[in-house]
Every structure is written in structure tokens, then in C-alpha cells.
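Here is a quick tour of one model, taken contact by contact. Have a look at the sequence and the fold before reading on.

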Amino acid sequence: MKIGIKLSSEELKNLQVLSSTHLAISITEQCSLKCSHCIVGSGGGGQNRSGLTAEMTRSIARELKVLRQRGVRKISFTGGEPLLAGETLHTLSQAACENDIKTTVVTSAFFAGTLDDSYKEMKKYPFISEWHISSDIFHQKYVSIDNVVNAAQTALMLERKALVRMAAAKPAADADIAHYNWLKNNLPQGVGIIVQPVIKSGRAGELNLSIKTAKVPGWPCITNGMTVRVDGTVSPCCAGLVAVKTGHPFIYENIFAAGLVQVYDSWCEDPLLKLIQAVGFMPLLAWINQSIPEHPVLQAVPEHPCECCLAIWKHPEAAAVIQNRLRAPGVIEKINQLYEVVFK
């Protein structure tokens, strides 16, 4: 079982370019589960769980035509559990389809206790192009692994694509490997499995995870696209910072105030994001070293770029150093030139 995927430099470059064609939208914070690795901490009681209102949904739908013209080709609907906001999911997936934008939904398959139940539920969403089903030792506490097979089979019956997304800590435990092998042996042919590392953020921050270190992160930032939260705020990625709204430089306007298209344009032109996409975190670490050589992140740099990103922004003085360097004459122009050379 391999955690993550290996990419050549050319494949990495192509994936980075594709990030600007993909948008993730969290349509609800509600979830019937409370998985201990949840990066956004959804589900459970004691917190106000909200979702997109009907007006918010219509506002997003109205802007999809222009987003398609800007180059957006795929939208992923996340949560929480998106199928707990079925009307919103149907409305936005239909609007996307009408604008020639493919759609993916990320679900736990909680509804797929039987093949019949699965078919009845998934048939409600004819505009979903691809079903991503989450299954791992964290989800298994709440959802039977058989549900995953039922949902995958149903997707194929509906002539849709299906992929199982599994999360595992590094190094993988015996239970992770057993879960992976069961999926591999029982999923329908043509349904892939991707294993993603657990990131120490959200509820996963409470897990006892070992973080592998290196001189610099092992690869550049791969954002996979901008993520819209249910309150209209925006994350630069669907990973480490997806639930972190303050304390880092990637703060954009609320889409319901400025408009989704304008915020998307701002995300595309963010110079700091361009820099870490193009060459990774080495320049940021060098800037910190020049001003704060005793900074904790320099003593143990996480190998995973998401972990490195989280480690840097835990310290406001590091963010200030980086922001000051970005404001220096000519720096943003050089970043834009670098980005053009690497990607275009």
C-alpha cells in the first residue's frame, strides 16, 4: 500500500496547471459521523453546523457561466457530508452541468446499507459526474465497509466514475493495510483507490501522529484548487488550511460580498501561492532564516508541504517576515516571471 502518488516533474507541473481549473465548494458542515481524523472537524454535537442557504446557492450558480469562461472545468462538492444537503447538491450540480463543468461529490456512503438503498439515493443526482467515496479505519467506526462497495457498484450502474479515497497515518498501521487490501479485493473492477496521508489539522490535530522531517519539504505545494467554505470565506486549498480562517497570508474576500469570480481571480494571482506552487517552501524558509534563524520550524522542517505550511503560520513573526519580503520592490514581478517560466 502506497500513501500518496509518485509524480514525474512533468506530471507535477501538469497537475499544478490543472489546479486553476478545479474548484471545491463545501456545501454543508453537517455530518452524521465524527471521524477522529477529520480535517474540518465536521459532525458531532455542541457546535452550530450550517450550510449554504438557498440564496447563497443561487448566487454561486449564477457565476458558473463566467467561471467556465475563466477556465474552471471541474467542481468538487464537499462538507461535512454533501448528501445531507441534497437540494443544494442537486441545484449546483445541475447548474455546473448546464455550463459544461464536470462535478465530483465526496461522500462517506452512509446511505448505502444495501445496493437498493444506494441506487435510490444516488439516482437523485444525475448531474454528478464522479463519486469519491471516503473509506478508512476512521470512517469504518461509523460506516460499514460494505457500504463503500454498494456505492461504487451503483456509480458504475449509473454510468458514473467512482474512486475510493482512503486516509492513513504514516507509517501505515496493520489495520490500514488490511483495510486497503479488503477494498482492493472487493471493489468492482475499474474503481480505483488513492491513499492520502492524514494531516495534523482540524480534529486530526489531536491525533498522536509522527511528522517526518527533512531539510526542506519534499515537493512544492499542490493546492488542487481554491475551496469555498459554507460561510463564503475561501481557503487557498482543500488541505491543511481548509479549516484555518485566520493567522496566515492567504486571506481573500468573502464570495458573497465580492463575488465568486472576483475572488477566484484573486486566488489565481496570489503571488505567495504562485511561489510555493512553482518552487516550494525553500524561499520562505530562507527568508525566515535570514530574519529569525532560531525559528522553531527551521529546527524540524516537516517533509510534507501541508505540514510545513501549518508549522510556519503558527508563528505570526514568520508571517510578518514573509509579507515584508513580498512587499520589497520587484519581488512580485520576479515571482510572476518565475511562474510563467515554470508553468506557461
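What follows covers a helix pair, some salt bridges, the cysteines and one loop serine.

## Ground rules

This is a predicted model, so local features need pLDDT of at least 70 and side-chain atom pairs count only at pLDDT 80 or more, while totals for chains, interfaces and linings use all residues. Residues are numbered from 1 along each chain as its sequence is written, and side-chain values use heavy atoms, with hydrogens and water left out.

## Two helices crossing

Let's start with H10 (residues 282-291) and H13 (residues 316-327), whose axes come within 9 Å and cross at roughly 110°. That makes H10 roughly perpendicular to H13, a label for angles of 65 to 115 degrees (under 35 is roughly parallel, over 145 roughly antiparallel, the rest oblique). The axes are lines fitted to C-alpha atoms, for helices over the stretch in contact, with angles running from 0 to 180 degrees between N-to-C directions. Helices (H or I, at least four residues) and strands (E, at least two) are DSSP runs, numbered from the N terminus.

Which residues do the meeting? On the H10 side they are Leu284, Trp287, Ile288, Gln290 and Ser291, and on the H13 side Ala318, Val321, Ile322, Arg325 and Leu326; contact here means heavy atoms within 4.5 Å. Sorted by type, the residues of this contact come out as seven nonpolar, two polar and one charged. For that sorting, Ala, Val, Leu, Ile, Met, Phe, Trp, Tyr, Cys and Pro count as nonpolar, Asp, Glu, Lys and Arg as charged, and the others, Gly among them, as polar.

## Salt bridges

Searching the whole structure turns up 11 salt bridges, each being a side-chain nitrogen of Lys or Arg within 4 Å of a carboxyl oxygen of Asp or Glu. One of them pairs Lys13 with Glu10 at 3.5 Å, N to O. Lys13 and Glu10 sit three residues apart in helix H1 (residues 9-18), which puts about one helical turn between them. Lys13 is partly exposed at 26% relative accessible area, and Glu10 is partly exposed too, at 43%. (Buried means under 20% relative accessible area, exposed over 50%, partly exposed in between, with a 1.4 Å probe and protein chains only.)

How far apart in the chain are Asp265 and Arg70? Their closest N and O atoms are 2.9 Å apart in a salt bridge, yet the pair links distant parts of the chain: Asp265 is in helix H8 (residues 260-268) and Arg70 in helix H2 (residues 54-70), 195 residues apart. Asp265 has 26% relative accessibility and Arg70 has 42%, so Arg70 counts as partly exposed.

Then there's Lys120 with Asp116, at 3.3 Å, N to O. Lys120 and Asp116 are four residues apart in helix H4 (residues 115-122), about one turn. Lys120 is exposed at 54%, while Asp116 is partly exposed at 44%.

Cys35 is buried at 6%, and Cys306 is buried at 18%.

## A loop serine

Ser32 sits in the loop between strand S1 (22-26) and H2, partly exposed at 47%. Leaving aside neighbours within four places in sequence, Ser32 touches Leu84 and Phe110. Ser32 and Ser42 are 10 residues apart in sequence and 8.8 Å apart in space, C-alpha to C-alpha.
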